[in-house]
Amino acid sequence: LYLAAYFFVMLLCFIRFKSSSASIYFLLFIGANPLFVNSLVPGSNDIVVIAFLLWSAFLLEKQKYIPSGIFFGLSLATKQSAWFAIPFFLFYVWQKSGKKTFLNFSLASLISSLLFYLPFMIWNFRDLLDDLVFYANGSLVSSYPITGMGFGMLLVSLGTVPSIYTYYPFWIWQVAMGFPILFFFLRRLKQDMNIGYLLFGY
């Protein structure tokens, strides 16, 4: 699956950039980048999410809103990291097209995403929420611990958070810092409705 997604991204490179210098940069930074390719096998480079998002963005650029919405919905169903693209994609479609097109894009995204989520929602909605939201935000006993070299580990080393397994409301910091940054990038996108700025903002 990861290999198929990788070739799907490479295909997009040749369709979008053809033989221009941009295709060389694309291949250098993604296609032949050892840091990116080495993490392909375990899937830690999010290649499936990237494939769906890039194809969605490419189809947006071509003003093919329903196919773009389908790919965008697939990216939302693939991993939570794609959820942060929602305001950028919706804002772009809203600014570039009318209400009907915005509705078509939104419905295509919602339906294609729901096709994946619906069986799990019917089976056990609470477990779905636990897996998608509460496991990641530290609300469960079995939640993912604080890891890496970021703000969370700084709080642990300072003793503010007693253990890497202790719940801490990081969402307060995320909202406080995230919304001003989101506003800044959406404003920048409005000044120049460019797919590159959309992806950069995301």
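Among contacts between residues at least 6 apart in sequence, what percentage join residues at least 24 apart? In this protein it is 58%, where contact means heavy atoms within 4.5 Å.

Before you click further: this is a predicted model, in which local features need pLDDT of at least 70, side-chain atom pairs count only at pLDDT 80 or more, and totals for chains, interfaces and linings use all residues. Residues are numbered from 1 along each chain as its sequence is written, and side-chain values use heavy atoms, with hydrogens and water left out.

**Whole chain.** Show the cartoon. You will find 10 helices and zero strands; helices are DSSP runs of H or I with at least four residues, strands runs of E with at least two, numbered from the N terminus. The C-alpha atoms fill a box of roughly 55 × 40 × 40 Å along the principal axes.

**Surface.** The accessible area is about 12800 Å², and 71% of it belongs to carbon and sulfur atoms (Shrake-Rupley method, 1.4 Å probe). Of the 202 residues, 34% are buried, meaning under 20% relative accessible area.

**Nonpolar patch.** Select F151, L154, L158, Y167, W171, I172, W173, V175, M177, F179 and I181: they make a nonpolar surface patch of about 1100 Å². Two or more residues each come from α8 (151-158) and α9 (170-191). Helix α9 gives the most, with seven.

**W173.** Zoom in on this residue of helix α9. Is W173 buried or partly exposed? W173 counts as partly exposed because its relative accessibility is 37%; partly exposed lies between the buried limit of 20% and the exposed limit of 50%.

Key. Patch = residues over 30% accessible without salt bridge, like charges linked within 9 Å, V, L, I, M, F, W, Y side chains within 5 Å. Salt bridge = Lys/Arg side-chain N within 4 Å of Asp/Glu carboxyl O. Buried < 20%, exposed > 50% of the residue type's maximum accessible area, 1.4 Å probe, protein only.
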